Amino acid sequence: MQFLPGHQPPYDLTYDDLFLVPNRTEVASRFDVDLSTVDGSGTTIPIVVANMTAVAGRRMAETVARRGGIVVLPQDLPISAAADTIAFVKSRSLTADTPVILGPEHSVSEAVALMHKRAHGAVVVVDETGRPIGVVTEASCTDVDRFARLRDVAITDFVQAPASTSPRDIFELLETKRAQLAVLTAEDGTLAGVMTRTGSVRAGIYQPAVDAQNQLRVAAAVGINGDVVAKAKSLVDAGADVLVMDTAHGHQAKMLESLSAVRDLGLGVPLVAGNVVSAQGTRDLAAAGADIIKVGVGPGAMCTTRMMTGVGRPQFSAVAECAAAAKELGVHIWADGGVRHPRDVALALAAGASNVMIGSWFAGTYESPGDLRTDRDGNAYKESFGMASKRAVAARTATDSAFDRARKALFEEGISSSRMRLDPERPGVEDLIDHICSGVRSACTYAGARSLAELHDKAVLGVQSAAGFAEGRPLPSGW
């Protein structure tokens, strides 16, 4: 990475301050770009979903890993629940999506309540042996009594195919049948999953993030309080592929002690630790045993740290400095927070990040854990909240005494509730992944890079004014 001559100012920069200069390129197509990372996380696209309770659940973990990223399960999750989620993700298909499943005697109201837990918007009705006997869509439930049974409204002439059918053949089948979704069955006829036309296309573009057993990958977070060693070991024993040691201020003695203790266990998975924003913080965490360092204090959409404390650092400069220090030590960094557009992800990678963490941006999707709600104007949304907010702290301190909970409540930071609207054009996390990866691939072709490492090496950056950033934004619809 280098700046245009005269473009490196004597102050820190964030993503909006920068633009990427196009280079001469030999890269003919964006599909010639390899987006896989080399930091040991196993991701084949540079996307990590942050360990936020409002974002990182089992549906998100399954879907993102299938497209090559990885989800970090929240540290507040009890070990038993984390183990159940990890087992669920590991059991999922590498290509087929997991549908909402109900029986023929369930009601239409139950189907409507669960339908939007998946982006494909369908419920598969199965018999007592697990064989699919119908499909229920939103159209099936229109102008139907909410107490009607699914056996009376289900579509019975749905498209079926063996689970071994190739994604391309499924696409051709759906084109022929003029259908949007195929129900896939195992050799014994039981339900194996579903695949949409768009899903079949994605299966030919993305490579799943898988472990040595060819199962989907998932990461898990631990804090630095309590019996960190026992929790870390339990999570890895449960199958976590990456362990993230997470606290808001990662450059502190307690983090270094906890990290060293977990490192000494020799768990055999990459250790991620953070957050820091300086070269020295990166060096200290690497010396304590971190393979990957999380970078970012205050740039998150739900974070009020900078306004409350004045602490933090503009994210691009933090990433660039920490990445340079990490490279000298043979470790890697994840850029955590502050991304709101695909360009921000590309710039973080150009600065030297091996992966980019995304949180609130993914909260407003079908796959996030929250319930889908509708505002008075008919817009669908989900609620999100920061992990230092009153809502998150209340969950994290549930076992504390009333006095201790009250004392900690005085020092909460972060937004406790924010409505994250579902983008009608990109309501599913896969839609956003397409959006991001398309932008990053194109950025690589402009830079003349066939890989993320080449993007970092070849990127030429310039500094722009606020008017320069505004010039690059498209005009709003109807302007």
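Visitor: At what angle do helix α1 and helix α2 pack, and how far apart are their axes?

Guide: This is a predicted model. In it, α1 (residues 58–66) and α2 (residues 79–90) pack at about 35°. Their axes are 9 Å apart. The crossing is right-handed.

Visitor: Which residues make that contact?

Guide: From α1 come Arg58, Ala61 and Glu62. From α2 come Asp84, Thr85, Phe88 and Val89. By class, the contact has three nonpolar, one polar and three charged residues.

Visitor: How do the axes of α8 and α9 lie?

Guide: The axes of α8 (residues 253–263) and α9 (residues 279–288) come within 8 Å and cross at roughly 35°. On the α8 side, the contact is made by Met255, Leu256, Leu259, Ser260 and Arg263. On the α9 side, Asp284, Leu285, Ala287 and Ala288 take part. By class, that gives six nonpolar, one polar and two charged residues.

Visitor: Why is His120 called buried?

Guide: Its relative accessibility is 18%. Buried means under 20%, so His120 counts as buried. His120 lies in the loop between α3 (108–115) and β6 (122–126).

Visitor: What does His120 touch?

Guide: Leaving out residues up to four places away in sequence, His120 touches Asp97, Thr98, Pro99, Leu181, Val194 and Thr196.

Visitor: Why is Asp143 called exposed?

Guide: Asp143 has 80% relative accessibility. Exposed means over 50%, so Asp143 counts as exposed. Asp143 lies in the loop between β7 (132–137) and α4 (150–153).

Visitor: What about Arg178: buried or exposed?

Guide: Arg178 is exposed, because its relative accessible area is 79% and the cut-off is over 50%. Phi of Arg178 is also positive, near 55°. Arg178 is found in the loop between α5 (167–177) and β9 (181–185).

Visitor: Which peptide bond is cis?

Guide: The bond from Gly274 to Asn275 is cis, with omega near 15°. Most peptide bonds are trans. Asn275 lies in strand β13 (residues 271–276).

Visitor: Why are β1 and β2 called edge strands?

Guide: Their open sheet has the order β1-β20-β2, with mixed pairing. β1 (2–3) and β2 (18–20) each have a single partner strand, so one side of each is left without a neighbour in the sheet.

Visitor: How do you know that β2 and β20 pair?

Guide: Pairing needs at least two bridges. β2 and β20 (residues 460–463) have three, in the antiparallel sense. Therefore they count as paired. Leu18 stands opposite Val463 in β20.

Visitor: What is the strand order in the sheet that holds β18?

Guide: The order is β17-β18-β19, an open sheet with antiparallel pairing. β17 (373–374) and β19 (418–421) are the edge strands, each pairing on one side only. β18 (residues 380–384) and β19 pair over four bridges. The bridge partner of Glu383 is Arg419 in β19.

Terms used
Residues numbered from 1 in each chain as written. Predicted model: local features only at pLDDT ≥ 70, side-chain atom pairs only at ≥ 80, totals over all residues. Heavy atoms only, no water. Helix = DSSP H or I, 4+ residues; strand = E, 2+ residues; numbered from the N terminus. Buried < 20%, exposed > 50% of the residue type's maximum accessible area, 1.4 Å probe, protein only. Contact = heavy atoms within 4.5 Å. Axes fitted to C-alpha atoms, helices over the stretch in contact; angles between N-to-C directions. Left-handed = near helix turned anticlockwise from the far one by under 90°. Nonpolar A, V, L, I, M, F, W, Y, C, P; charged D, E, K, R; others polar.
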